[in-house]
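Welcome! Please take a moment with the sequence and the 3D view, and then let us walk through them together.

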Amino acid sequence: MLVPLIQTIGRSGKIIWLIVLVIVGVVLFKYFTSEKPTETTEYNTDLIEQQIKNVGKLVVTEGHYSQVMTYKDQQKYMMNLLSFEKKALIIINADVTVAYDLSKVKYDIDEKNKTINIVSIPKEEIKISPDIQFYDVDQSTLNPFTGDDYNKINKKVKADLARKIEKSKLKSNAENRLVSELAKILIVTNALGWKLEYKNQVIQTENQLGKTIKL
């Protein structure tokens with residue numbers, strides 16, 4: 001009677017240990033194979049921030065313009081009975097750059113909703129560097145060329161060039177380069193299952209990003 005009881009207890013103990021081992025095995029398996037959302041989110045956030053830093057550079061588009069203008073000025077005396085004119089033929093060659101400093105892009109990262117929100121994109125910086133050459137200068141002692149004349153000419157040249165730039169493809173080419181750089185962030189967010197937002201819109205394609213930037 002005693003021997004069978006001891007054998008039964010022994011078998012029961014083995015079963016209990018077997019159950020304990022199975023439970024421990026299941027717990028360990030779930031621990032090592034289960035996803036760790038916090039670590040994954042932090043990893044994804046680091047990747048996105050690194051990509052934004054990589055994009056954060058100066059994007060420069062260059063152009064060259066030439067034009068010819070005639071400058072005239074007339075000084076009159078003695079109730080317009082006497083006049084002294086000065087004039088010159090002016091040839092302008094100008095280098096123009098349109099730049100975006102992408103290190104100034106402002107953004108918010110919403111880890112909970114896996115969203116990158118572009119808050120603001122810096123405006124373009126247009127730099128005009130004209131080389132002004134004077135030819136056929138005609139002036140008098142009473143009406144010579146002065147520093148004021150050169151300042152007026154320089155101001156007019158830059159104003160004329162600014163209008164030309166607005167009508168040219170230089171700015172649109174610069175915007176296209178801007179979109180191409182920002183699209184690199186879009187590629188990363190899409191790959192990681194995040195969303196990119198700008199101006200309260202979810203951006204899904206590079207084409208949509210370009211249209212939104214130009215609004």
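Apart from neighbours up to four places away in sequence, Val 119 makes contact with Lys 106, Tyr 107, Asp 108 and Tyr 198. You will find Val 119 in strand 4. Its relative accessibility is 45%, so Val 119 counts as partly exposed. One of its partners, Tyr 198, sits 79 residues away along the chain, yet the C-alpha atoms of Val 119 and Tyr 198 are separated by 6.8 Å.

Keep in mind as you look around that this is a predicted model.

## The chain as a whole

The chain has five helices and seven strands. Read from the N terminus, the order of these elements is α-α-β-β-β-β-β-α-α-β-β-α. The chain counts 215 residues, and 28% of them are buried.

How much of the contact pattern comes from residues 24 or more positions apart? Among contacts with a separation of 6 or more, such residues account for 71%.

Setting aside its neighbours within four places in sequence, Leu 209 is in contact with Val 179, Leu 182, Ala 183 and Ile 203.

## The largest pocket

The largest pocket holds about 190 Å³ of space. Its lining is formed by Tyr 100, Ile 121, Pro 122, Lys 123, Glu 124, Glu 175, Leu 178, Tyr 198, Ile 213 and Lys 214. Sorted by class, this lining has six nonpolar residues, four charged residues and no polar ones.

## Aromatic pairs

There are four aromatic pairs in the structure. In one of them, the ring centres of Tyr 71 and Phe 145 are 6.0 Å apart and the ring planes meet at 45°, so this pair counts as tilted. The pair joins distant parts of the chain: Tyr 71 belongs to strand 1, while Phe 145 lies 74 residues away, in the loop between strand 5 (125–138) and helix 3.

Are the two residues buried or exposed? Tyr 71 is buried, because its relative accessibility is 11%, and Phe 145 is buried too, because its relative accessible area is 12%. Tyr 71 and Phe 145 also belong to one aromatic cluster, together with Phe 134 and Tyr 150.

## Around Gln 139

The loop between strand 5 and helix 3 also contains Gln 139. Gln 139 has a relative accessible area of 41%, so it is partly exposed. Beyond residues up to four places away in sequence, Gln 139 touches Glu 85, Lys 86, Pro 144 and Phe 145. The C-alpha atoms of Gln 139 and Phe 84 are 7.9 Å apart, although 55 residues separate the two in sequence.

Lys 195 is part of strand 6 and is partly exposed, because its relative accessible area is 37%. Not counting residues up to four places away in sequence, Lys 195 touches Asn 113, Lys 114, Thr 115, Ile 116 and Val 202. Its C-alpha atom is separated by 8.3 Å from that of Asn 117, which is 78 residues away along the chain.

Next, look at the loop between strand 6 and strand 7 (201–203), where Lys 199 is found. Most residues other than glycine have a negative phi. Lys 199, however, is not a glycine and has a positive phi of about 55°. Asn 200, in this loop as well, also has a positive phi, near 60°. Lys 199 counts as partly exposed because its relative accessibility is 38%, whereas Asn 200 is exposed, with a relative accessible area of 80%.

Conventions
Residues are numbered from 1 along each chain as its sequence is written. This is a predicted model: local features need pLDDT of at least 70, side-chain atom pairs count only at pLDDT 80 or more; totals for chains, interfaces and linings use all residues. Side-chain values use heavy atoms; hydrogens and water are left out. Contact means heavy atoms within 4.5 Å. On a 1 Å grid over the protein atoms alone, a cavity is a set of points where a 1.4 Å probe fits but cannot get out, and a pocket is an open set with protein on both sides within 12 Å along at least five of seven lines; lining residues have an atom within 4 Å of a point. Grid points are joined across faces, edges and corners, and a volume is the space filled by probe spheres set on the points. Ala, Val, Leu, Ile, Met, Phe, Trp, Tyr, Cys and Pro count as nonpolar, Asp, Glu, Lys and Arg as charged, and the others, Gly among them, as polar. Rings of Phe, Tyr and Trp (its six-membered ring) pair if their centres lie within 6.5 Å; planes under 30 degrees apart count as stacked, over 60 as edge-to-face and the rest as tilted. Helices (H or I, at least four residues) and strands (E, at least two) are DSSP runs, numbered from the N terminus. Buried means under 20% relative accessible area, exposed over 50%, partly exposed in between (1.4 Å probe, protein chains only).
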